[in-house]
Amino acid sequence: MNTIGAVMSYPRTKGILLVLIAATSWGVSGTVAQYLFHQQGFSSSWLVVIRLLLAGTGLLIFSHTVGKQNIWMIWKSKQDLFRLIVFGIFGMLGVQYTFFAAIEQGNAATATVLQYLAPVMIALYLCFHARTLPVKHELIAIVLALGGTFLLVTKGNIHTLAISGPAFGWGILSAFALAFYTLYPVSLLSKWGTTLTVGWGMMIGGVGLSFIHPPWKFQGHWSLTSFTAVTFVVIVGTLIAFLCFMESLKYIKASEASLLACIEPLSAAFLAVVWLHVPFSPIEWLGALSIIATIFILASVKR
């Protein structure tokens, strides 16, 4: 019986492992990006352009070869094309650029945690859209999010800021961008699939940013270490992480995957402290955990 139980639980275990790999890869890639910005002189704009163009190309190739999709069909629908362009510029590029800018101006730990305010923003938007007041669980999540942000940004002292104004501003914008990125492309995802939609979103976002910051305009110090770091951000922290997360949804529920993905800010914070020696006080850890706790609370609300 134990053997049968182990075999039956294997798909679920596989799903959990896949989402943990994805979330950890996302978190680590943010810290690696901080290393490139602060120690190797790379710019966030260049890294975002490269990440979007290369990862977008990889996802479209995956959709065509493995998913057997006609990647050009989406361009024949005028309504979907407009939504795809909006998603690519304001959703995909928006969330990528604001997140990396927050890291460049501050650190990966704070940027990742601030981005996790997005679920609270989504909950507030859905309440507003449905013209209903937040329920008790949502109110608790809002209070925790506000309190956690206060502790993270001020270390509990209302008269000082623990991070720079630009870092805080980009972090909050990153949360708004992630909320938009999550809510806007629902119809595209249901019709065209996640991999194809995200792949084209990355390509559109990358091409759009190329007009402002061409990928050949590079600044920074190239070395074997920095090349490895860029490769990690693009391949492991984007392509592999995304595909692992999507594969995990075959074995576990999306709500479970979202909860397990909370390891992303924890891995980013832990690695930033251990590797890059980013100072993170007990008050800041308390603030970070308060924000992350909102994910668990909101997941329990049956809306």
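Helix α3 spans residues 78-105, a run of 28 residues, where helices (H or I, at least four residues) are DSSP runs numbered from the N terminus. From its first C-alpha to its last, α3 reaches 38 Å, close to the 40 Å expected at 1.5 Å a residue; the expected span is 1.5 Å times one less than the number of residues. A kink of about 40 degrees is centred on Gly94 in α3, the bend at a residue being the angle between axes fitted to the seven residues ending there and the seven starting there. The model is predicted, with local features requiring pLDDT of at least 70 and side-chain atom pairs counted only at pLDDT 80 or more, whereas totals for chains, interfaces and linings use all residues. Residues are numbered from 1 along each chain as its sequence is written, and side-chain values use heavy atoms, with hydrogens and water left out.

The axes of α3 and α4 come within 7 Å and cross at roughly 140 degrees; axes are lines fitted to C-alpha atoms, for helices over the stretch in contact, and angles run from 0 to 180 degrees between N-to-C directions. The two helices are therefore oblique to each other (under 35 degrees is roughly parallel, over 145 roughly antiparallel, 65 to 115 roughly perpendicular and the rest oblique). Val95, Phe99, Ala102 and Ile103 of α3 meet Ala108, Ala111, Thr112 and Gln115 of α4, contact meaning heavy atoms within 4.5 Å. These residues comprise 6 nonpolar, 2 polar and no charged (Ala, Val, Leu, Ile, Met, Phe, Trp, Tyr, Cys and Pro count as nonpolar, Asp, Glu, Lys and Arg as charged, and the others, Gly among them, as polar).

Helix α4 (residues 108-115) also packs against helix α12 (residues 263-274), their axes coming within 8 Å and crossing at roughly 165 degrees. This angle makes α4 roughly antiparallel to α12. On the α4 side the contact involves Ala108, Ala109, Thr112 and Val113, and on the α12 side Glu264, Pro265, Ala268, Ala269 and Ala272. By class, 7 are nonpolar, 1 is polar and 1 is charged.

Helix α12 packs in turn with helix α13 (residues 282-299) at about 165 degrees, the axes lying 11 Å apart. The pair is thus roughly antiparallel. Pro265, Leu266, Ala269, Phe270 and Val273 of α12 contact Trp285, Leu289 and Ile292 of α13, giving 8 nonpolar, no polar and no charged residues.
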